[in-house]
Amino acid sequence: MSNPLQTRKNGRINVVLNHKRDNELEINEPVLLSDEERVKHQILEKFEAELAEYVGLGEVKRLIKEIYAWLYINRCRETQGLKTSKQVFHMIFKGNPGTGKTTVARIIAKFFHEMEVLSKGQLIECERADLVGEYIGHTAQKTREVLKKASGGVLFIDEAYSLSRGGEKDFGKEAIDTLVKAMEDQQHDFVLILAGYSREMDYFLSLNPGLPSRFPIAIDFPNYSTDELMEMVRRMVKEREYELTKEAERHVREHLRQLRLDQERTFSNGRYIRNIVEEAIRLQAVRLLKQGSYDRDSLITIEKEDFNFDTSHVKLN
Ligand SMILES: Nc1ncnc2c1ncn2[C@@H]1O[C@H](COP(=O)(O)OP(=O)(O)OP(=O)(O)O)[C@@H](O)[C@H]1O
Ligand SMILES: [Mg+2]
């Protein structure tokens, strides 16, 4: 145990022991030391850099590091003639709209491809209608077609809980059975990700007792905090070479704070942010045309009035 840290709070002494175990990696903690090591672990560095562009997503960042380490060590064991194990990477993503599920699925597909877990690394996104047919036998056929496209990559099923919508008689059940069969047949060149609202996904898994154990990795995508949403606004604005005035920033923050209170369940998080930033850019353009101002400063600056939430066309969910 190193560096026990003592702080005095309300007359009490709190001892904070800095005794992190070696397997508890902090999100941005550099595990790699020398340049030589860094070259060896370029793939990890590359994906960490890509993920660092996104706000939050701590669980995902940790998971990538964990899977990378395991795959790497497995290879080292292989060269030493030691036993290696296979793992199942099917996953459940739980979270509200716009919390980054599709974005992360795409990154994970690429990561598995570069790590040679998946032969192609494509992401096939689908939903109930792509899998479920209208007559007996149709569903298995449709689902198999989708599975074929996803072979060598990631199959991402959005709102997966809707496959259990109609109970036993519904063809959704046939889709689930076909998926389960495929998971058993081609376990190692295909990753299945089931995504949806947290509550619905839990219910869905409880209705299908054979499923949870087939998805050893479950990731929560919580709603972003106001600070995180503001960080997204800043990054998106900066990336597009604009700047917000202080008033604009305050105005957006207050709006987001209120929105998170009113629309906690349906509010579309990152997607909403992207849409309001793009709308503000359009409204700024209209303002500049009206004003006839085309100097560099004007072109860059987004003002409070460019975010007009009362007349906005951006959908909340
Ligand atoms: N952590 C983040 N940092 C920056 N941008 C983000 C983040 N999360 C999401 N976004 C942005 O929000 C938008 C929506 O993200 P994405 O499509 O991945 O969400 P989703 O969870 O799949 O939503 P849905 O469930 O509605 O399909 C994208 O433009 C993405 O770049
Ligand atoms: Mg999505």
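This is a predicted model: local features need pLDDT of at least 70, side-chain atom pairs count only at pLDDT 80 or more; totals for chains, interfaces and linings use all residues.
The buried residues of helix 10 are Ala-248, Val-252 and Leu-256. These cover an arc of only 65° around the axis and therefore lie on the same side of helix 10. Their packing partners are helix 9 (226-239), strand 8 (243-244) and strand 9 (301-302). Helix 10 comprises 17 residues, 246-262, and at 1.5 Å a residue it should span 24 Å; the C-alpha atoms at its ends are 25 Å apart, in agreement with this expectation.

Helix 6 was examined in the same terms. Buried positions in helix 6 are Thr-139, Lys-142, Thr-143, Leu-147 and Ala-150. Because these five residues cover an arc of only 140° around the axis, they fall on the same side of helix 6. Exposed residues, namely Gln-141, Glu-145 and Lys-148, are found on the other side of helix 6. The cover over the buried residues of helix 6 includes strand 4 (123-126), helix 5 (128-131), strand 5 (154-157) and helix 7 (172-185). After helix 6 comes Gly-152, which has a positive phi, near 90°.

Strands 4 and 5, which contribute to the cover of helix 6, also belong to an open sheet of five strands. The strand order in this sheet is 4-5-6-3-7, and the pairing is parallel. Strand 4 and strand 7 (217-221) are the edge strands, each pairing on one side only. From one strand to the next, the twist averages 20°. Helix 8 (residues 198-207) packs on the sheet, where it touches strand 3, strand 6 (191-196) and strand 7. The direction of helix 8 makes about 140° with that of strand 3.

Strands of a sheet pair through backbone hydrogen bonds, in either a parallel or an antiparallel arrangement. For strand 3 (residues 91-95) and strand 7, the pairing is in the parallel sense and extends over five bridges. Within this pair, Lys-94 is placed opposite Asp-220 of strand 7.

How values were computed: Residues are numbered from 1 along each chain as its sequence is written. Chains are lettered from A and ligands numbered from 1 in the order in which they are written. A residue is buried if 20 or more other C-beta atoms lie within 10 Å of its own, exposed if 12 or fewer, and partly exposed in between; C-beta atoms are placed from the backbone. Helices (H or I, at least four residues) and strands (E, at least two) are DSSP runs, numbered from the N terminus. The arc is that of the directions from the helix axis to the C-beta atoms. Two residues are in contact if their C-beta atoms, placed from the backbone, lie within 7 Å. Two strands pair if DSSP finds at least two bridges between them. Axes are lines fitted to C-alpha atoms, for helices over the stretch in contact, and angles run from 0 to 180 degrees between N-to-C directions. The expected span of a helix is 1.5 Å times one less than its number of residues.
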